[in-house]
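I would ask you to keep the sequence and the model in view while I speak.

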Amino acid sequence: ATINSIDMLSDNSLTFTGDQVFTIEYHAPNPFEIKVVFTFQAQGWYMLSIPIIPQDSTVSTLFPSALNSTAYYWNPSTQSYDEVTKIEPKKGYWLAISQASNSTVSGIPVNNFTEHFSSPGWYMLGSVHGNVNFTDPDDNPDGMILTPAFTWDLTTGNYIPADALKEKSGYWVAVLGACDLTIDNTGNLSKAFTLAQAQIGRAHV
C-alpha cells in the first residue's frame, strides 16, 4: 500500500500495520540565510533591489502585490526598459505595487559585488545587505562614477540624491566611461564586529 507524505510539523504521530518502508527527510534551514522585510506604505511605483540571493527569484513569489508579476529594468544598450519576471541582486528595478503591503524575502545576503559598465550613461544599480557610503565610490579607473546617486521617493513623487546606498533600494548612477564599480559592505561588518568585541570586553572588566 502507498502512504502519502506526512508533514511532521503538523502531524505528531503515525499508525501503520504490517511491513512498511518509510523514508524520513529532514530539511535543515540554511544557517546563513536572512530575512528582509519590504514595507510598501501605499500603492505606487517603487525603485528597489534585493540585497540577497533568494531560492526563488520570480517577482510573483518575492512581491505578490506587484502588478502583473513584473518588474522593469533599464537596458542601457537599447535605451529602454525591459520587462522581467525575475529579479537579480546587484540591479535596481521599478516595481508597481497594487496596494499597501509587506513582503518578506529570504536568502543568502549579498555583502559585496563588482559591476562593470562598458560605456557612459545612466544605469540602474542595486545595493548590498546594509548601507554603503557613496560619497567616494570605489570605481576603477577612479573618477568615472558621478555622485550623488539618485533614488525615487514615493511620498514626494521626485528623485532624491543619495550619498549612501541603502539595502532594498534601487538607484540611478551616472557613469562617465567604461569602468568597474565595487559596492562593498564587508568593511562595515568588520567595524561592527570589532565594536561588538570591544563592548563584550568592557562588559567583562
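Let me begin with a definition: two strands are said to pair if DSSP finds at least two bridges between them. The strands themselves are DSSP runs of E with at least two residues, numbered from the N terminus. What you see is a predicted model, in which local features need pLDDT of at least 70, side-chain atom pairs count only at pLDDT 80 or more, and totals for chains, interfaces and linings use all residues. Residues are numbered from 1 along each chain as its sequence is written, and side-chain values use heavy atoms, with hydrogens and water left out.

I start with strand β6, residues 93-97. How many bridges does β6 form with strand β2? Strand β2, residues 44-48, pairs with β6 over five bridges, in the antiparallel sense. Within that pairing, Y93 of β6 is the bridge partner of L48. Strand β4, residues 66-75, also runs antiparallel to β6, and three bridges join these two strands. There, W94 of β6 has Y72 as its bridge partner.

Are the residues of β6 buried or exposed? Here buried means under 20% relative accessible area, exposed means over 50%, and partly exposed lies in between, with a 1.4 Å probe and protein chains only. By that rule five of the five residues of β6 are buried, and the strand is mostly covered. Y93, L95 and I97 point one way, W94 and A96 point the other way, and all are buried.

Staying with β4 for a moment, please find N68, which lies in that strand. Its phi is near 60°, a positive value in a residue other than glycine. N68 counts as exposed because its relative accessibility is 67%. A second residue with positive phi is K90, where the angle is near 80°. K90 lies in the loop between β5, residues 80-84, and β6. With 32% relative accessibility, K90 counts as partly exposed.

P141 is placed in the loop between β11, residues 138-140, and β12, residues 149-153. P148 is also found in the loop between β11 and β12.

I turn now to strands β8 and β16. Strand β8 covers residues 112-117, and strand β16 covers residues 179-184. Six bridges join the two, which run antiparallel. Which residue of β16 does N112 face? N112 stands opposite D184. N112 itself is partly exposed, because its relative accessible area is 40%. N112 and V128 are 16 residues apart along the chain, and their C-alpha atoms are separated by 6.2 Å. D180, also in β16, is partly exposed because its relative accessibility is 29%. Between D180 and S118 there are 62 residues in sequence, yet 8.7 Å in space, C-alpha to C-alpha.

Two further pairings complete the strand account. Strand β1, residues 34-40, and strand β7, residues 101-109, run antiparallel and are joined by seven bridges. In that pairing, S103 of β7 is the bridge partner of F38. Strand β3, residues 52-53, pairs with β7 over two bridges, again in the antiparallel sense, and I52 stands opposite P109.

Finally, the charges. A salt bridge is a side-chain nitrogen of Lys or Arg within 4 Å of a carboxyl oxygen of Asp or Glu. By this rule the count comes to one salt bridge. E88 forms a salt bridge with K91, with the closest N and O atoms 3.6 Å apart. E88 counts as partly exposed, because its relative accessibility is 42%.

Which residues form a negative surface patch? D136, D138, D142 and D184 form one. Such a patch is made of residues with over 30% relative accessible area and no salt bridge, like charges being joined within 9 Å.

How values were computed:
Patch = residues over 30% accessible without salt bridge, like charges linked within 9 Å, V, L, I, M, F, W, Y side chains within 5 Å. Areas by Shrake-Rupley, 256 points an atom, 1.4 Å probe, with all protein chains shown as cover. Lys, Arg positive; Asp, Glu negative; His and termini not counted. Charge placed at Lys NZ, Arg CZ, Asp CG, Glu CD. Helix = DSSP H or I, 4+ residues; strand = E, 2+ residues; numbered from the N terminus.
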